[in-house]
Amino acid sequence: SPLPPSPLPPPHAPAPPLPPPRGHVSGVIVYLCCADESEARDLLLSVRLLYDHFNRRARYPVVIFHDFLNASHQAGLRDALGPAAAGTLRLSPLDPSVFSFPSSMSAEEKVALPRAIRGYGMGYRHMCRFFCGPLFSSAALAEYEFIWRLDSDSFLLGAPSADPFLQ
């Protein structure tokens, strides 16, 4: 189902320009989303703030790996960002196998797994696994040297004092 009308605040005034780059940096900004509608709404705000405060000027590629976002969510992201995201935003659907158990696991082993460990459920553990392995073998990131990973609830509330990829 489509996202409800955006409860987002109006775009902020443009941030001051970043210092000029000191050379070519091969960086990409990465998100992994979403488990539900709430995370999809957070993602929309997070990406909008990222562009408002940083990426509208810096123009780094942004790759959103997802297994939940439907066509309506994707259109909502593109509409909210408008021309600012042209050529920088890439939505990369995940193969269902990414969050599957290894084929070598028996049904008994799967059932024996604890539902949560120290409060962290299977979704969180799959996310950790993704960021420790499959992310780095993704064809979508093959050409980049540096990754800035953001969560759907990471909100850039102001312009950074410097380009994180140049630090």
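Visitor: Why does Q74 count as buried?
Guide: In this predicted model, Q74 has a relative accessibility of 18%, and since buried means under 20%, Q74 counts as buried.

Visitor: Where is Q74 placed, and which residues is it in contact with beyond its neighbours within four places in sequence?
Guide: Q74 lies in helix α2, residues 71–81, and, once those sequence neighbours are left aside, Q74 is in contact with H66, L69 and L91, where contact means heavy atoms within 4.5 Å.

Visitor: Why is strand β1 described as largely enclosed by the rest of the structure?
Guide: Strand β1 covers residues 27–33, and seven of its seven residues are buried, so the strand is largely enclosed by the rest of the structure. The residues G27, I29, Y31 and C33 point one way from β1, while V28, V30 and L32 point the other way, and all are buried. In a regular strand, side chains alternate between the two faces of the sheet.

Visitor: What makes β2 and β6 pairing partners of β1?
Guide: Pairing requires at least two bridges between two strands; five bridges join β1 to β2, residues 62–66, in parallel, and four join β1 to β6, residues 146–149, also in parallel, so by that criterion each of these strands pairs with β1. Within these pairings, L32 stands opposite F65 in β2, and V30 has R149 in β6 as its bridge partner.

Visitor: Which elements make up the right-handed β-α-β unit?
Guide: That unit is made by β1, helix α1 (residues 37–58) and β2.

Technical notes:
Residues numbered from 1 in each chain as written. Predicted model: local features only at pLDDT ≥ 70, side-chain atom pairs only at ≥ 80, totals over all residues. Heavy atoms only, no water. Buried < 20%, exposed > 50% of the residue type's maximum accessible area, 1.4 Å probe, protein only. Helix = DSSP H or I, 4+ residues; strand = E, 2+ residues; numbered from the N terminus. Right-handed = clockwise from strand over helix to strand, strands pointing away.
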